[in-house]
Each structure stands twice: as structure tokens, then as C-alpha cells.
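Visitor: I'd like to learn how to read a structure like this one. Could you walk me through it?

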Amino acid sequence: MARAAAAGDWAKAMSMLRTVPEDLPDIESLFLCDPAGTLRVNQPPLPGVRGRNFAFREWYQGVSSGWRTFVSPAYLRADLPQVNEVAVAEPIRDQGRVVGILVLRILLQTIGDW
């Protein structure tokens, strides 16, 4: 996945993760961003968010401040339906260089159910 992200082949990088929402049903969705916080691809595909920059989000500011895993506080997601969720953001590295960010989204309701 890291090599594909480093090459800018976001579709290939996501193809390696396409079964995550099925295999791990507590994960509502996931997406890949470039290091600047622009969403490049998401699973499941949701209209209106690809190409948007999310550098203003706390998950981005947290992960990019030290380029290590960051779990966000709850926030209202940008796409529909607008629900509260938590993001787990993980930098993607290729040969030590950050080439992207993997973000897993978990509904706040799911966390409450745990």
C-alpha cells in the first residue's frame, strides 16, 4: 500500500484495503489522504468528499504534528448522513517518508455500544 500511495496510485492503495469495512464491521469507513490532508480515495465510496482538504480537522492536526497514530475526539463528519464519529489516523510511510494518511472512521454510537 505504501508504494502505491508514494506513486500516487490511490486506487491501487485502496484496493488493498477494500474489504476492511466487511472484515471489521465496527469500522464505518476508511479513506486515504495525501500528506497535506486532501482525501484521495475512500471506502465505501461517498460522493462529494474526494478532493476535499481536511487539514482543518483535529485528526489531521494530531497525526501530522508528530507523524504518529492519532485518535480524534468525536466530531460531526462532513458527508451524509452527518453523524458523530471518531477518526483513527495513521501515517503511511515509504522508506521512512510520509506518503499518505490512512483514516479509519468509527461511529460514536459503536463506541458507546462497546
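Visitor: Are Trp 59 and Tyr 60 buried or exposed?

Guide: Before that, a word on the source: this is a predicted model, in which local features need pLDDT of at least 70 and side-chain atom pairs count only at pLDDT 80 or more, while totals for chains, interfaces and linings use all residues. Residues are numbered from 1 along each chain as its sequence is written, and side-chain values use heavy atoms, with hydrogens and water left out. Now to your residues: Trp 59 is buried, and Tyr 60 is buried too. Buried means under 20% relative accessible area, exposed means over 50%, and partly exposed is in between, using a 1.4 Å probe and protein chains only.

Visitor: How is a pair of aromatic rings described?

Guide: By the distance of the centres and the angle of the planes. Here, rings of Phe, Tyr and Trp (its six-membered ring) pair if their centres lie within 6.5 Å; planes under 30 degrees apart are stacked, over 60 edge-to-face, and the rest tilted. The structure holds 5 aromatic pairs. One of them joins Trp 59 and Tyr 60, edge-to-face, at 6.2 Å centre to centre and with 80 degrees between the planes. Ring pairs also link Phe 31, Phe 54, Phe 56, Trp 59, Tyr 60 and Trp 67 into a cluster.

Visitor: Which residues of helix α4 are buried?

Guide: First, the naming: helices (H or I, at least four residues) and strands (E, at least two) are DSSP runs, numbered from the N terminus. An α-helix has 3.6 residues a turn, so residues three or four places apart point the same way. In α4, residues 58-66, the buried ones are Trp 59, Tyr 60, Gly 62, Val 63 and Ser 64. They pack against β1, β3, β4, β5 and β6. Just after α4, Trp 67 takes a positive phi of about 50 degrees.

Visitor: What does Ser 72 touch?

Guide: A contact means heavy atoms within 4.5 Å. Not counting residues up to four places away in sequence, Ser 72 touches Trp 59, Val 86 and Ala 87. Ser 72 sits in the loop between β3 and β4, and it counts as buried because its relative accessible area is 6%.

Visitor: Which strands pair with β5?

Guide: The rule is that two strands pair if DSSP finds at least two bridges between them. Strand β3 (residues 70-71) runs antiparallel to β5 (residues 84-94), with 2 bridges joining them; there, Phe 70 stands opposite Ala 89. Strand β4 (residues 75-76) is also antiparallel to β5, again over 2 bridges, and Leu 76 has Asn 84 as its bridge partner. Then β5 and β6 (residues 97-107) run antiparallel with 10 bridges, one place to look being Ile 92, whose bridge partner in β6 is Gly 100. In the hairpin of β5 and β6, 2 residues lie between the strands, and Gln 95 takes a positive phi near 55 degrees.

Visitor: How many residues does the largest nonpolar core have?

Guide: In soluble globular proteins, nonpolar side chains tend to be buried together. A nonpolar core is a set of buried Ala, Val, Leu, Ile, Met, Phe, Trp, Tyr and Cys residues joined through side-chain atoms within 4.5 Å. The largest one has 15 residues, and those with the most contacts inside it are Met 14, Leu 17, Leu 30, Leu 32, Ile 92 and Leu 102. The elements giving two or more residues to this core are α1 (2-6), α2 (10-15), β1 (29-33) and β6. A second, separate core of 13 residues includes Leu 39, Val 49, Tyr 75 and Ile 101.

Visitor: Where is Leu 17, and what does it touch?

Guide: Leu 17 is in the loop between α2 and α3 (20-23). It counts as buried because its relative accessibility is 13%. Beyond residues up to four places away in sequence, Leu 17 touches Met 1, Leu 30, Leu 32 and Leu 102. Leu 17 and Leu 102 are 85 residues apart along the chain, with their C-alpha atoms separated by 10.0 Å.

Visitor: And where is Leu 32?

Guide: Leu 32 is in strand β1, and it counts as buried because its relative accessibility is 0%. Leaving aside neighbours within four places in sequence, its contacts include Trp 10, Met 14, Val 41 and Ile 92.
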